[in-house]
Amino acid sequence: MPDSIEARQAEKLKGSPVERREDPELLTGEATFTDDMEPRGTVHMAVLRSQYGHARIESIDTSAAEELDGVLAVYTADDVEASDAPGRIEPIWLLPDLKRPPYPMLAQDKVRYQGQPVAVAVAEDRYRASDAVDAIDVTYDRLEAVTKAREATDEDAPTIHEEAPDNVAAEWDVGDEEATDAAFEDADRTVSVDLVNQRLLPTAMEPRVTLANYRPSADELVVHMGTQCPHLHRRFMADMLDFPEQKMRVIAPEVGGGFGSKDSAHPDETLTAWCSLQLERPVKWQATRTEAYVSTGHGRGQETTAEIAVDEDGSIQALRVETYGDLGGYLSTWGPLMPAHGYALMLPGQYDVENVYCEVKEVFTNATPTEPYRGAGRPEASYVIERLATLAARELDMEPTEFRRKNFVPRDDFPHETATGLVYDSGDYDKTLDRALEMADLEALREKQADLREEGRYLGIGISCYNESCGYGPSEIIGQIGGQLGLYENGVVRFHPSGAVTVYCGTSGHGQGHETTYAQIVADELGVDYDDIEVIEGDTDEVPMGMGTYGSRSVSVGGSAIVEASREVVEKAGTIAAHHLEVSEEDLEFEDGEFQVAGAPERSMTIKEVAREAYLAHDLPDGTSPGLEATNFYDPENLVFPFGTHIVVVEVDPDTGEIDLERYIAVDDCGNQINPKIVEGQVHGAIAQGLGQGLFEGVEYDENGTLLTGSMQDYTLPKALQVPEYETDHTVTPSPHNPLGAKGIGEAGTIAAPPAVVNAVTDALQPFGIDHIDMPLTDETVWQAIQNATAEP
Ligand code: MCN
């Protein structure tokens with residue numbers, strides 16, 4: 001670590017692979033998670049959940065539970081209603097004419113998914129609370145259930161909410177239908193595919209957990225919880241409880257991963273807080289893994305028919321897509337976003353497509369509500385376009401890479417407006433493709449493939465050229481398209497009199513290494529030693545405002561807020577320095593933490609010295625207030641659009657369907673990198689999750705709406721031994737519109753990997769005439785596809 005101005009001049013921190021400062025605490029087990037906390041007097045809440053996917057509640061008898069030893073209270077929906085708390089989850093993303101049936105914290109008359117909370121019990125310890133829940137007697141009248149979105153729109157499907165008799169919550173579209181239909185008419189060839197982006201279970205290491213402590217003497221509610229966005233959760237809870245926001249503090253201690261599953265309001269967290277308000281005691285709730293699987297929002301859940309129209313020369317003429325988005329039993333906080341703006345706007349991918357039309361139906365089903373899950377709409381879009389691109393190339397007998405190259409948005413056409421209304425900020429798609437091809441040696445791979453086919457062995461090469469939208473904003477546009485929040489970020493940079501610095505940011509990292517990267521950013525901006533900078537996130541009392549961490553927004557939006565705040569600090573420091581050096585501000589130069597008089601470098605003052613003067617306040621320029629700090633609200637000008645090329649090489653055993661993942665090559669471009677080591681870690685983790693969707697993971701329900709994959713025994717997550725050594729590299733195409741030139745990287749792998757691996761497996765099985773297999777490509781599904789194959793190699 002550089003410890004002097006001279007050393008820093010030689011080594012800027014931005015762009016350096018600085019070790020994560022978060023790791024020692026985590027690796028030594030000293031980090032504090034919510035479940036490690038147990039203030040005196042803590043009692044425990046357990047939740048009785050519906051075991052049925054769809055049923056009418058006829059009666060609830062809590063008397064036996066109430067009589068158990070150590071049980072403090074048992075509550076049902078009637079108790080919530082009597083407390084005057086509104087107690088409903090409201091969506092934060094609205095679409096025109098969206099049907100909004102109420103989503104109560106505790107089920108009222110009906111349950112609409114397995115796992116929906118029906119009652120809670122609070123007891124002196126976790127085990128008694130759980131026993132009490134077992135003693136609650138609920139009589140249900142079971143109803144027919146439907147757990148697939150397309151099926152739920154069938155005429156004879158059961159109605160889930162009276163407000164939406166056909167189960168359709170919203171119909172939404174984007175693009176020009178007429179022009180797209182005409183382009184399909186005129187095109188030389190069309191290719192179509194039916195595909196499914198299956199539901200996924202978010203599997204954070206730490207399931208959701210909440211410790212709520214209402215202190216009546218201060219009339220204050222302090223909530224520690226696993227959250228990705230404490231300020232949003234404070235707002236959700238304040239609304240659901242009708243509790244004053246300013247009297248409520250939400251803190252995210254260490255959060256054992258989120259992957260999107262901790263940015264929505266769920267009944268359980270607010271119920272914990274509500275119980276604390278009722279009992280005036282600290283109340284804790286911690287989901288078990290099985291409980292988490294039925295109650296934490298599932299990811300994805302889309303069924304799509306997608307068509308592409310192409311000319312003989314390989315140019316894409318049009319895309320036409322129809323998608324059913326599965327909302328689950330209720331509208332979750334972000335539920336309506338994913339199948340609409342989160343997904344459909346990104347359908348053109350890296351390609352210059354003039355005509356696009358996408359129609360979306362958002363549908364209620366008797367399954368756990370869907371929520372953002374790493375990628376949140378963009379993996380679904382990338383899967384559609386990247387499958388279509390490969391299938392179209394096959395139809396035209398073109399190398400899939402060349403088909404893609406022919407249709408790329410050219411590097412000199414940025415900013416590029418898409419047919420879906422986005423403006424891609426910057427890109428150089430040929431560059432990542434070229435580098436990935438160089439690493440893979442495609443020619444040699446194609447030769448190997450041909451040779452092996454002679455021996456009855458099936459090698460496949462899959463490619464996916466993805467791009468994604470990250471760093472959501474600007475707030476004004478978010479408001480215009482249905483967001484009920486601003487998507488800016490707040491950063492505070494505060495010097496202490498000693499010259500040390502504390503940085504506060506409204507993002508809330510939970511594994512992404514913000515403490516490290518934000519300190520790197522501020523060290524460069526202020527010229528202060530990295531070790532003198534502390535970074536604070538995840539506490540509504542410490543950080544003035546924040547929108548949180550999701551959508552790979554932290555570095556491009558939160559990072560930019562702290563850059564701007566740092567620059568405001570430097571400006572004020574410059575005014576003070578000029579006063580002390582008796583020159584005008586224009587005559588000062590600031591570099592590496594030092595203000596120097598231009599042409600007289602011996603006359604200088606470090607920013608640390610300025611900080612001391614700013615707090616001494618004995619001699620400040622007229623009109624300058626004491627102290628040295630700045631607060632910035634950064635509202636991005638546009639989204640950022642990272643991109644990349646991933647190539648997968650597999651060998652498929654036709655006798656067993658087994659897939660051997662031989663190579664995984666990833667070349668990503670997230671603009672300027674703050675910390676390449678952290679970026680690489682993010683890429684690795686996300687690819688594993690993407691391979692999880694491609695090869696292993698998939699939610700299954702039975703016809704009654706019972707989750708069949710409700711434990712880790714039934715739901716297969718990728719293990720270290722099942723993923724290959726990744727071969728990674730990157731290119732750098734800065735974003736032109738944020739001060740860091742940085743784009744997000746946190747989700748890239750989950751977006752790129754599923755189509756890459758499916759394209760690889762179907763490439764291997766081309767001799768069998770297999771064009772498509774739905775994910776996850778387990779040995780069994782692949783073997784089955786080979787059994788049903790129409791061609792013989
Ligand atoms: N970074 C960088 N240079 C860039 C881009 C990013 O150095 N050009 C660094 C950032 O400073 C940050 C990290 O990479 O330390 C990720 O930054 P960014 O892409 O802005 O994403 P966020 O920090 O907003 O993280 C959100 C993203 C999402 S949406 C999910 S889901 C996700 C993910 O990050 N969940 C994670 N990564 C995760 N990692 C862990 N360990 N746990 C999760 O739950």
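Leaving aside its neighbours within four places in sequence, with which residues is Asp-539 in contact? Before selecting anything, bear in mind that what is on the screen is a predicted model.

**First stop: Asp-539**

Select Asp-539, which sits in the loop that runs between strand 21 (533-536) and helix 18 (554-581). Once neighbours within four places in sequence are set aside, its contacts are Pro-230, His-231, Arg-249, Val-250 and Ile-251. Show the side chains of Asp-539 and Arg-249 together, and you will find a polar contact between them at 2.6 Å. Because its relative accessibility is 6%, below the 20% limit, Asp-539 counts as buried.

**Stepping back to the whole protein**

Now zoom out and colour by secondary structure, which brings up 22 helices and 28 strands. The radius of gyration is 28 Å, close to the 28 Å that the globule rule gives for 793 residues, so the protein is as compact as a globular protein of that length. Along the principal axes, the C-alpha atoms fill a box of roughly 85 × 75 × 50 Å. Of the 793 residues, 63% are buried, and among contacts between residues at least 6 apart in sequence, 80% join residues at least 24 apart. Colouring by charge picks out 58 positive and 148 negative charges, whose mean positions are 3 Å apart.

**Second stop: His-646**

The side chain of His-646 makes a polar contact with that of Tyr-664 at 2.7 Å, and another with the side chain of Asp-668 at 2.9 Å. With a relative accessibility of 0%, His-646 counts as buried.

**Third stop: backbone details**

Most residues other than glycine have a negative phi, and most peptide bonds are trans. Select Gly-473 and Pro-474, which are joined by a cis peptide bond with omega of about -5°; Pro-474 lies in the loop between strand 18 (458-467) and helix 16 (475-480). A cis peptide bond also joins Met-775 and Pro-776, with omega about -5°, and Pro-776 is placed in the loop between helix 21 (748-764) and helix 22 (779-787).

Finally, select Asp-441, which has a positive phi of about 55° although it is not a glycine, and which lies in the loop between helix 14 (429-440) and helix 15 (442-454). At 41% relative accessibility, Asp-441 is partly exposed. Glu-582, likewise not a glycine, has a positive phi of about 55° and is exposed, with a relative accessible area of 70%.

Notes:
Residues are numbered from 1 along each chain as its sequence is written. Side-chain values use heavy atoms; hydrogens and water are left out. Helices (H or I, at least four residues) and strands (E, at least two) are DSSP runs, numbered from the N terminus. Buried means under 20% relative accessible area, exposed over 50%, partly exposed in between (1.4 Å probe, protein chains only). A polar contact is a pair of N or O atoms within 3.5 Å; within protein, one must be able to donate a hydrogen and the other to accept it, and residues adjacent in sequence count only if both atoms are side-chain atoms. Contact means heavy atoms within 4.5 Å. The radius of gyration is taken over C-alpha atoms; the globule rule is 2.2 Å times the number of residues to the power 0.38. Lys and Arg count as positive and Asp and Glu as negative; His and the chain ends are not counted. The place of a charge is taken as NZ of Lys, CZ of Arg, CG of Asp or CD of Glu.
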